[in-house]
Amino acid sequence: MRTKWIAAIAAAVVVGSVAVVLVQSGGQTPAERTLTGCVRIGSGPAVFVLRGASAAAAEAPDQASGQQLPEDYLLVSIPPAVSLETLVNHRVAVTGAASDPGVGPAPPTGANAAEKAMRRIAVKSVKEIAQNCAAR
């Protein structure tokens, strides 16, 4: 009987956590996106930011005319196979689930308050576009 109660409580916690994330994100799970921008080192050794990020024209056709303003994204949930250290100051395309600040995976250890207040993208993959940030 005690085991059933513990299992029921654990299930309720999981369901509650999912509900909180869905409410914080407007009831929708974060959509996977591909954003291009420049990888910059953040405030700590494991903190990386995608500066000047914008969606590809195919992803945002209504904004292909250049009306979209670039944003900065905190890179979170970086897979071990992705080595961002080698891509600092390179232009990249990052694919992952984008979310608003405070929603989704926690920021990396060492992130400062400004970085925690950024939009986030949970990294699934990274593709180098250019070896410098000036290239478009």
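The protein chain exposes about 8,200 Å², of which carbon and sulfur atoms supply 60%; accessible areas come from the Shrake-Rupley method with a 1.4 Å probe, and for residues only the protein chains shown count as cover. This is a predicted model, in which local features need pLDDT of at least 70 and side-chain atom pairs count only at pLDDT 80 or more, while totals for chains, interfaces and linings use all residues. Residues are numbered from 1 along each chain as its sequence is written, and side-chain values use heavy atoms, with hydrogens and water left out.

**Fold and burial**

- The protein chain holds two helices and five strands, taken as DSSP runs numbered from the N terminus (helices: H or I, at least four residues; strands: E, at least two).
- From the N terminus on, the order of elements is α-β-β-β-β-α-β.
- Of the 136 residues, 30% count as buried (under 20% relative accessible area, 1.4 Å probe, protein chains only).
- Contacts (heavy atoms within 4.5 Å) between residues at least 6 apart in sequence join residues at least 24 apart in 69% of cases.

**Nonpolar cores**

- A nonpolar core is a set of buried Ala, Val, Leu, Ile, Met, Phe, Trp, Tyr and Cys residues joined through side-chain atoms within 4.5 Å.
- The largest such core has 16 residues, and L35, L50, Y73, L75 and V94 touch the most other members.
- Two or more residues of this core come from each of β1 (32-41), β2 (48-55), β3 (71-76), β4 (91-99) and β5 (119-130).
- β2 gives the largest share, four residues.
- Apart from this core lies another, of seven residues, including V47, L74, V76 and A111.

**Contacts of Y73**

- Leaving aside neighbours within four places in sequence, Y73 is in contact with R33, L35, F48, V49, L50, A53, A98, M118, R119, R120 and I121.

Note on methods
Buried means under 20% relative accessible area, exposed over 50%, partly exposed in between (1.4 Å probe, protein chains only).
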